[in-house]
Structures are given as structure tokens and as C-alpha cells.
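Good morning, colleagues. Please have the structure open before you.

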Amino acid sequence: MSQKDEPAGNGEHPVSVLLYGWMRGAGFQKKLVLVLMAIGLAAVVLEVLLSSKPVRDPGSIPGFQAFFGFIAFGGAVLSGWPLGRFLRRREDYYERPDRNTPP
Amino acid sequence: MTIERIADILANTNPGFFILAAAMFMPFARGHVVRALLMVGGPVMGLVALINADGLGIDLSVATVFGIDLVLYRPDSLSFVFGLAFMIAAAICGVYSLHRRDPLQDTSAMVYAGAAVSAVFVGDLVSLFIAWELTAVASVFQVLARRSPESVRAAVRYLVFQVLSGMLLLAGICMFAAATGETRFAFIAPTLAGLPVGVMNIEAPGAVLILAGLGIKAAFPMVHSWLQDAYPRTTETGAVVLSAFTTKLAVYALARCFAGLDWLIWIGAVMTVFPVFFAVIENDLRKVLAYSLNNQVGFMVCAVGIGTQLAVNGAAAHAFAHIMYKALLFMSMGAVLYRTGTTRATDLGGLHRTMPWTTLFCLIGAASISAIPLFSGFVAKSMVMSASHADPGLFMVWIMLLFASAGVLEHSGIKIPFFAFFGHDSGRRPQEAPFNMLLAMGIAAGLCILVGLSPGWLYRFLPYEQAAREYLASELWTVSHVLQQVQLLAFAALAFVLLYRRRLYPPERPGVILDADWLWRRGCPRFLRHLSGPAGALIAPVRRQAGGALTGIGWVGRSVFSADGWVSRKFPLSATAISSLAILGLVLIAAVLA
């Protein structure tokens with residue numbers, strides 16, 4: 001491992017400003033929400049208008065993947081709260097002697 | 001040696017042998033140029049040999065050892081795409097490793113790559129087993145290479161799984177060969193459209209053991225934790241090397257032996273889903289990638305289980321694309337580890353300011369694995385999704401794969417780049433990765449984009465080329481297909497932004513996440529100790545009755561095997577020679593009588 005950290009605030013790479021500088025504005029997150037909603041809704045509308053495939057199961061209904069993507073992603077992320085509480089242990093959990101084991 | 005002779009050797013030698021030959025010189029390579037020539041030259045020689053192969057679907061090299069015919073080289077369209085991916089990955093790993101000289105890592109990485117390439121081009125079960133074991137042994141040194149107590153312990157656990165996999169495979173092969181008398185893939189069973197794919201019947205003797213051996217290496221559910229245990233404890237280069245070969249070799253072997261086996265559909269579907277939940281709460285980003293690897297291999301296993309031409313094409317294409325983008329993601333995290341000493345999300349953030357190129361390559365890997373149209377994951381995973389959606393009986397499986405696709409976007413598409421390079425500013429300002437690392441990442445990123453923009457290039461090499469061409473012409477770029485994928489990704493990304501803004505995204509926290517390995521690291525010892533009390537009480541009367549006999553046996557054992565026991569004493573050389581001859585004579589007499 002090479003420790004070559006420099007003090008915070010110094011040494012920003014010029015390419016970084018060029019590539020990612022536009023993300024640093026105050027309203028970036030709000031704009032991102034709007035852009036994602038616009039892209040997603042446009043894709044749903046276009047699918048309704050252009051799709052010629054017959055509906056043979058719920059997965060074929062226009063807009064199903066938009067709905068499913070939102071719910072699945074949200075569900076997976078929110079499951080992290082209870083799962084984290086249930087499954088997370090201290091970092092040295094496996095290195096310490098097991099207190100629940102009888103002598 | 002004439003040019004014709006060299007051309008003949010190139011055309012009829014397993015490409016993996018060239019990498020193994022280069023590996024033999026690695027411990028003695030001193031200068032950077034010689035190392036570079038060997039680490040990149042070996043795989044390139046293998047590629048040249050593969051391109052010049054004397055034909056597909058015929059035995060190009062056969063050796064007879066102890067009366068067993070070993071088909072050392074039999075390339076076909078299934079092995080071609082896996083071998084191609086392995087050799088490109090080996091060359092990229094070589095470039096990525098040039099910044100540091102560690103003969104142990106360099107040599108074991110090349111032996112590992114050479115063995116994996118050899119494995120996909122052999123034409124029988126015995127040769128596959130030999131190469132399989134060589135990959136296991138060589139890969140352990142990748143885990144050991146960090147030389148920390150944690151990595152040594154992880155390497156031992158890793159070795160246990162690899163040895164268990166090899167033993168099951170060997171036992172299965174022995175049973176199968178004894179019952180059928182055949183080990184060559186081309187002669188075991190009827191083929192799928194002219195290709196020896198899915199050649200084994202699960203009801204054949206030993207087939208279940210072979211499946212279990214392959215399943216351990218593919219990290220099937222409940223035997224998957226060796227992957228998350230070992231990969232994050234390797235060096236920055238070790239994880240890249242490991243991510244490319246082991247599990248994909250298992251996918252290849254599953255396709256070769258068990259394509260069309262229904263069990264694999266559900267095993268694969270479960271594999272795609274459960275890692276999503278673990279990846280959400282995992283703090284170590286290389287461990288997140290290990291869960292992601294599990295999830296992606298699930299897509300391939302599921303496709304192998306479906307077993308149609310489209311599905312087998314999907315498994316092969318996904319394996320190729322996955323090797324590139326997963327190596328790219330592991331390389332970007334390796335660069336972060338190399339520069340900062342950590343890959344914990346809690347300790348990272350804001351690295352894009354000083355590592356912009358690494359960030360860019362990581363984003364390309366993230367876009368590819370998330371299957372964004374025009375990136376490699378889209379053109380590969382689409383075939384698996386289409387193959388599952390085409391069968392109305394697999395609707396639930398398709399839903400599981402769709403859920404997993406949203407999950408992939410969460411853990412690999414967003415979590416990895418966001419928490420390492422953006423997110424909260426950790427205040428760290430490390431230097432950009434060394435040039436060789438950037439070059440390797442650039443090559444892998446270029447391949448991800450090339451395959452995404454021009455999938456015909458990859459589809460040409462798939463096992464069933466005609467089916468791939470038809471899919472490319474009639475389904476891949478249809479409006480509804482592209483729009484559906486855009487919907488899934490846009491709304492899943494929207495969910496992330498909304499949850500993050502409202503502080504509903506679970507915060508990263510340090511800690512160990514309990515997984516299946518808890519069972520043997522904590523559960524089994526607890527169970528055995530609880531059992532030892534009642535078991536001791538049950539045995540006590542027997543022990544009292546048999547006390548005298550047990551004491552006698554103990555005395556004999558100590559007299560023979562203790563440090564100053566009978567077998568430890570020094571004997572005159574002549575006595576040793578005479579006893580050795582006597583044993584040899586007895587063996588010979590037994591052999592003659594038999």
C-alpha cells in the first residue's frame with residue numbers, strides 16, 4: 001500500500017473538474033430527480049405508444065418494469081435497516097472467543 | 001525448427017500450456033521488460049494458438065497416461081468464448097500487476113490463468129479434473145499473498161472449500177467412469193445441436209457428486225461464503241485475478257455437463273437474489289463486489305439450467321462480459337486500496353477529485369454491470385432475461401431475475417462508485433493510480449464499450465452463432481426491449497436518489513455481516529460443545545467397562561507413534577532398505593496374484 005495522501009482541499013486533478021465539476025452545483029440532486037423522472041416517464045409513454053407486443057403476463061404490461069424497478073430497488077434498500085440490526089457484529093467478532101459456547 | 005513445425009505446434013497445443021510455460025520463467029524474471037513480456041506474452045501466445053487452431057470440435061492433442069486417453073486439446077464454440085475471455089483477462093491482469101514485483105503472486109497468477117485456460121480446452125473429465133485442481137492450488141497463493149494473519153486464515157478456509165470441491169469432483173468422475181467406461185465429453189451423451197453441451201444425466205452414477213463439486217466452485221447458495229471471505233482479503237491485484245477465473249470455469253463446466261438441468265434454474269435464481277440484501281448492508285466495497293459476483297454468476301447458472309440455445313448463448317456472453325466489467329470494478333477498487341489502504345465505505349468518499357480516471361473507469365464498469373443500453377452488460381444479460389421470459393412456466397424466475405437486475409444497479413451500479421468516489425468527502429486526497437493500472441482499466445473499459453456498441457463482435461463467438469445472430473437481428477435492439485430496460489434503470493435510480501435525500505438509505509457502518517460461514521465458524525463449534533456433555537455422559541459407562549482394553553490400546557499407540565516411540569527410532573540403513581524391499585516384494589506378489 002502506498003500512503004501518498006495530501007492535505008484536504010489541495011491537489012484536485014484538472015480532469016476531475018472537467019469531468020465531474022458539473023455535479024457540484026447546489027441544486028444537482030433536485031435536477032437529477034427531475035431528469036430521471038423525465039427519462040423514466042418518457043420511456044413508459046413511448047412504450048405505451050410504440051409497443052406492439054401482446055400482453056401475455058403482468059411483465060408484458062407497458063410500464064411494468066418502471067413500477068417494478070422502483071419498488072424492487074426501494075424494497076432492497078429499506079430491507080437494509082432491519083437486516084443490518086440483525087446481522088451486523090463487531091469487526092473482531094470471529095477473532096474473539098465465543099461467549100455463548102459452554103466451556 | 002522449421003516454420004511449418006512451429007505452426008503445427010501452435011495449431012495443436014492447448015493455449016493454456018503457453019501461459020503455464022511462461023509461468024515457469026516468472027520466478028526468475030528480474031527486469032520490468034522481461035516480466036511484462038512473460039505476463040502479457042503468455043496469454044497473447046495462447047490467443048495466437050487459439051486463432052490458428054486446426055479446427056473446432058475435433059481432438060487436436062491426445063495423450064495416453066496409465067491407459068487413460070486424455071484429450072488435451074479439443075476446442076469448440078463453447079470453450080472458444082470462455083478461453084478467449086480468460087486469455088484477455090490474463091493479459092489485462094498482467095498489465096495491472098506490473099507496478100509491483102512479487103514472484104509468488106506473479107507466478108501463481110499465471111499458473112492459475114494457464115490452468116483455467118487449459119481446463120476449458122480439454123476434452124475429457126479426467127483432464128478437466130487435473131486442470132481444475134491446479135487452479136485451486138494456484139489460486140490459494142493469491143489469497144496468501146497479502147501475508148497478513150487474516151489472509152492466512154482466509155486462505156486456509158478457502159483451501160478447504162477448493163479441496164472439498166476437487167474431492168467431490170474426483171469421486172464423481174471415478175463413479176461415472178467406472179459405470180459408463182467413458183470420460184470424453186464428445187462421447188458421453190447426445191449433443192445439443194451438434195455441440196457437446198449438457199452431456200451428463202443427473203441420474204448417472206456419480207453425476208450428483210460432480211454437480212456438487214462444480215457447485216462449490218460456482219459458489220452455490222450456502223457454499224458461497226468462501227468467495228466473500230477470501231476475495232476481499234487479497235492484495236489489490238489478487239482480487240482481480242481471482243474474480244476472472246474460478247467461478248466462470250465452474251459455469252463453463254456446468255454448461256458442458258449439466259445444461260438443461262432444471263435444478264440449476266432455481267439455484268441460479270436464488271443466487272441472483274440473496275446477495276442483493278447482503279450487499280446493501282456490507283461496508284467493505286470489495287466484499288460488496290464479491291456479493292455482486294455471486295449475483296452475476298447466478299444469472300449464468302440460471303441460463304445454463306434453462307438450457308436452450310439462446311440461454312446457453314446468454315450464459316457464455318454474460319460470462320465474457322462479466323469477466324471484463326467485474327475485473328474493471330475490482331481493478332478500480334484495487335487502485336483505491338493501493339492508494340488509500342482501505343476499501344471501507346465509511347473511510348472513503350470524494351476520491352473523484354484526485355483519482356478522476358479511476359472514477360471514470362469505475363463508472364464504465366458500473367454502467368456495464370447495470371446493463372445500461374450501449375454497455376456490455378445489456379447485450380449479454382438480455383439473452384438470459386429473454387430466455388427466461390420466453391417460457392411461461394418460468395415467470396417467477398423471470399421476476400426474480402428482474403429483482404436481481406434492480407439489485408445489481410443498487411450495489412454495483414450506484415453503491416460502489418458513489419461511496420468510494422462521491423458521497424461524503426472523506427478529506428482523502430490520494431494520487432491517481434499508477435499508469436499500468438490505468439492502462440489495464442482503460443483496456444477493460446474499452447472492451448465493455450466495444451461489446452455494448454457492437455455486440456455482433458461478441459455474438460460471432462457464441463456457442464450457437466446462428467441463434468445469436470437471430471437474436472441480434474430480431475430482439476436485442478427492439479424499441480420495447482430498450483425502453484423496458486431504461487424504465488427499470490431510471491426508476492430504480494430515482495428510488496436511490498429519493499431514499500438518499502430523505503435519509504432513508506441505511507448508513508454505512510463498520511462491522512462484520514453474518515453469513516452462511518457463521519454456521520461452521522460459530523454454529524458448529526457451539527453445537528459440538530453442547531453435544532459433548534450428554535455424549536460424554538452416555539459414553540461414561542462404556543468407557544468404565546472397556547477401561548482396561550482402552551488403556552492397553554492407548555499404551556500400544558503411544559509406544560508406536562509418540563515422539564520417542566517405535567516408528568521414531570533410528571534404524572540402520574540396511575534394515576530400512578531390507579524392509580522397503582520386503583514391502584515392495586509383497587506389493588509385487590499381490591499384484592501378480594491379482
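Let me begin with a term: a salt bridge is a side-chain nitrogen of Lys or Arg within 4 Å of a carboxyl oxygen of Asp or Glu. In this predicted model, the side chains of B:Arg153 and A:Glu95 form such a bridge, with an N to O distance of 3.6 Å. The count between chain B and chain A is 3 salt bridges.

Which elements of chain B supply the side that touches chain A? Helix H12 (262-281), helix H14 (309-340), helix H15 (356-369), helix H17 (395-421), helix H21 (479-501), strand S3 (512-513) and helix H22 (518-545) each supply at least two residues. Of these, H21(B) gives the most, with 19 residues. By residue type, this side of chain B divides into 47 nonpolar, 13 polar and 16 charged.

I turn now to the extent of the interface. The size of an interface is often given as the accessible area lost when the parts come together. Here the area buried between chain B and chain A is about 6700 Å², and carbon and sulfur atoms give 64% of it. On the chain B side, B:Gln487, B:Phe491 and B:Arg522 lose the most area to chain A, together 10% of what that side buries. Counted by residues, 76 of chain B are in contact with 72 of chain A.

The two chains also meet through strands. Strand S1 of chain A, residues 88-89, pairs with S3(B) in the antiparallel sense over 2 bridges. Within this pairing, A:Arg88 stands opposite B:Ile513.

Finally, the backbone. Most residues other than glycine have a negative phi. B:Arg147 has a positive phi, near 60°, and lies in the loop between helix H6 (125-144) and helix H7 (149-180). B:Arg503 also has a positive phi, of about 55°, and is found in the loop between H21 and S3 of chain B.

Are these residues buried or exposed? B:Arg147 has a relative accessible area of 53%, and is therefore exposed. B:Arg503 is exposed as well, with a value of 72%.

Terms used. Residues numbered from 1 in each chain as written. Chains lettered and ligands numbered in written order. Predicted model: local features only at pLDDT ≥ 70, side-chain atom pairs only at ≥ 80, totals over all residues. Heavy atoms only, no water. Contact = heavy atoms within 4.5 Å. Buried area = accessible area lost by both parts, 1.4 Å probe. Helix = DSSP H or I, 4+ residues; strand = E, 2+ residues; numbered from the N terminus. Nonpolar A, V, L, I, M, F, W, Y, C, P; charged D, E, K, R; others polar. Pairing = 2+ DSSP bridges. Buried < 20%, exposed > 50% of the residue type's maximum accessible area, 1.4 Å probe, protein only.
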